Amino acid sequence: MDAELIAMQLFSGVALGAILVMVALGLSIIFGMLGVVNFAHGALFMVGAYAGLYVATLTGSFWWGLLVAPLAVGAFGMLIERVLIRPLYGRSIDDPLLLTFGLGYVLVETVRILFGNEGMPFPTPPELAGVADLGIGYFPIYRLFVVGVVAVILLLLWLGLEKTRFGLIVRAGARDPQIMRVLGVDVARVWLMVFGLGVGLTALGGVLAAPMRSVDPEMGTLVLAEAFVVTVIGGMGSLVGAIVAGLLIGIAISMTALFAPEMATIVMFALMALVLLIRPQGLFGKPGRA
Amino acid sequence: MTASVHSVAEVMAGPAGRRGWRERLARWRVPLSVLVLCLLPWVLPSQALAVNVLIYGLLAVGYNLLFGYTGMLSFGHAAFFGAGAYATGIGIGQFGLPWFAAIGYGMLAGGALAFVVGLLAIRTRGIYFSMVTLALAQLVYYTALQATSITGGENGLRGFTLARIDLFGWSIDFLDPVKKYYVLMVFAALALWFVSRILNSPFGAVIEAIRENETRARACGYDVERSKVMSFTLSGLVCALAGALFALHLAIVPLDILGIQTSGMIVMMTLLGGAGSFFGPFVGALAFLLMEDVVSLWTPHWQIVVGTVFILFVLFLPKGIWGTLLAWRAGR
């Protein structure tokens, strides 16, 4: 077991974790603002990957898929919020959860009808194929690209939330939507945008993940469970928590795959159980919210 | 003056009369359920559908104890259903247990798993609880997938077919669908009686108090955490029995039984029928399976219809079929 192999695997974990960060952030942003857990989040990740594949095949360029798919699926997310989720505000917190679960079902079956049950390959764009020598080992360029894209998105998100008027409204609205309404902010519109943003992030995660694996209608199921684990470990509604826990889980999965491959899918759940025992509100969660 | 007194008396008599009707229904709920279960194979289009309604109905009854009566939305009950099924199959096929002991073993395994998962999951509340139960059920799924030597992995568990079952000197042909149905039904009837007793007990009142207002229940001095774990375990126990019956019925345990789809199906059935009502889960299981049967005649993608119907129910009929009927009858 040499250092180079470990470094490569570690880096794989970071790339995997970066995808999880996108998905978990989307989940966390929606929850933090709307108080809704989107159980269709995994399905929308899958829809994002298929949309990316579809656009990339149509235009012959991966870049169009990467750009168009998250925007289109994000817009679709806004439609979902407007038509299906908005009637449920003020009702039991379980209702949006149940509804989005049913929606996930419908989305998976729709994709099966449109694209078939079998998985499809998603070729790595030729510009990003191959490996790069970073001095400590050879790393697949595509994975470096994924980590770079996620880093840029995180920076943009941070700037958007901290430095813009919209971000100010979002942060204030997460704390007290009632006061925001009194102050004359159209909270319904903000929630619509936030839901679209969260869905767009998971769709972007789907497109980015697709070339590292293949796309299939069931690909969202494990991702949903992974995103939940990340959110529970990081602390629900905590954006920093989602980032730290996402990377942590990605690295944990990847390193376990190196040393004990049969434990790779199990290790993150064990980590979650451990966090629940020691710190039920999550690493970055506030006590009392759990 | 007398007229107004008279009308007041009438007003008082009205709701009391209706309450009487509901109380009578509640008192006879177990015999009525068993009667319906007895008739099921003769009124439904196929034997296979009847036995599925029996097993999934019981599964939903177990789940309803937690979701409908305690107000905890678990998305991981496939784990206990599956654990009951796997342990029963393993008990017969690998340990050579007699069939009734294997059912007990299945319930023990499922109940113990529910106890452990419950202890962990109740450390979180509300939405977190749903997420944690889903994640822990996925852990069980992947563990079963990896433990190929015990569970058969992706191929599922096989090799425990029962041709005949013996009890107290009787020998029953277990390959005869009607006889098999009634053997399994005895266990479902016992479980229904058990659940009904739980709901009528002081403990039943405590879990409903937790559903209505957890803080107030705690302030009244009830041990909320312990009651939640108890409710979770009992619910898992009933679901494990449903799993044991499933294993005896099919003589194979597919890995899918542990999947997220199964957990979701349990939730859907319970909600479609009416969470928090005694008959609701069976109505829901029947509605779900009938829908699956009918729709899959003209498309393999029946889930798209089921999912859409489920969404419409959440939006417009959150009390489910039976719950809405009850509310409509009470509101007349």
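1. Basis of the numbering and the model. Residues are counted from 1 along each chain as its sequence is written, and chains are lettered from A in the order in which they are written. Because the model is predicted, local features need pLDDT of at least 70 and side-chain atom pairs count only at pLDDT 80 or more, whereas totals for chains, interfaces and linings use all residues.

2. Chain A overall. The secondary structure of chain A comes to 11 helices and four strands, where helices (H or I, at least four residues) and strands (E, at least two) are DSSP runs numbered from the N terminus. Chain A has 290 residues and a radius of gyration of 19 Å, which agrees with the value near 19 Å for a compact globule; the radius is taken over C-alpha atoms, and the globule rule is 2.2 Å times the number of residues to the power 0.38. Along the principal axes, the C-alpha atoms of chain A fill a box of roughly 60 × 50 × 35 Å.

3. Residues 190-210 of chain A are 95% helix and 0% strand, with end C-alpha atoms 30 Å apart. Residues 222-251 of chain A are 87% helix and 0% strand, and here the end C-alpha atoms are 16 Å apart.

4. Helices α2 and α3 of chain A. The axes of α2(A) (residues 41-59) and α3(A) (residues 62-85) come within 8 Å and cross at roughly 135°; axes are lines fitted to C-alpha atoms, for helices over the stretch in contact, and angles run from 0 to 180 degrees between N-to-C directions. The two helices are therefore oblique to each other (angles under 35 degrees count as roughly parallel, over 145 as roughly antiparallel, 65 to 115 as roughly perpendicular and the rest as oblique). Residues making the contact include L44(A), V47(A) and A51(A) of α2(A) and W64(A), V68(A) and V73(A) of α3(A), two residues being in contact if their C-beta atoms, placed from the backbone, lie within 7 Å. By class, this contact has 14 nonpolar, five polar and no charged residues (Ala, Val, Leu, Ile, Met, Phe, Trp, Tyr, Cys and Pro count as nonpolar, Asp, Glu, Lys and Arg as charged, and the others, Gly among them, as polar).

5. Helices α1 and α5 of chain A. Helix α1(A) (residues 3-34) packs against α5(A) (residues 141-163) at an angle of about 40°, with the axes 9 Å apart, and that makes the pair oblique. Among the contributors are F11(A) and M22(A) of α1(A) and R143(A) of α5(A), and the contact divides into 10 nonpolar, one polar and one charged residues.

6. Chain B and its interface with chain A. The contact between the chains takes 33 residues from chain B and 34 residues from chain A. On the side of chain B that touches chain A, α6(B) gives the most, with 14 residues, and the residues of that side divide into 20 nonpolar, 11 polar and two charged.

7. Helices α12 and α15 of chain B. These helices pack at an angle of about 20° with their axes 3 Å apart, which makes α12(B) roughly parallel to α15(B).
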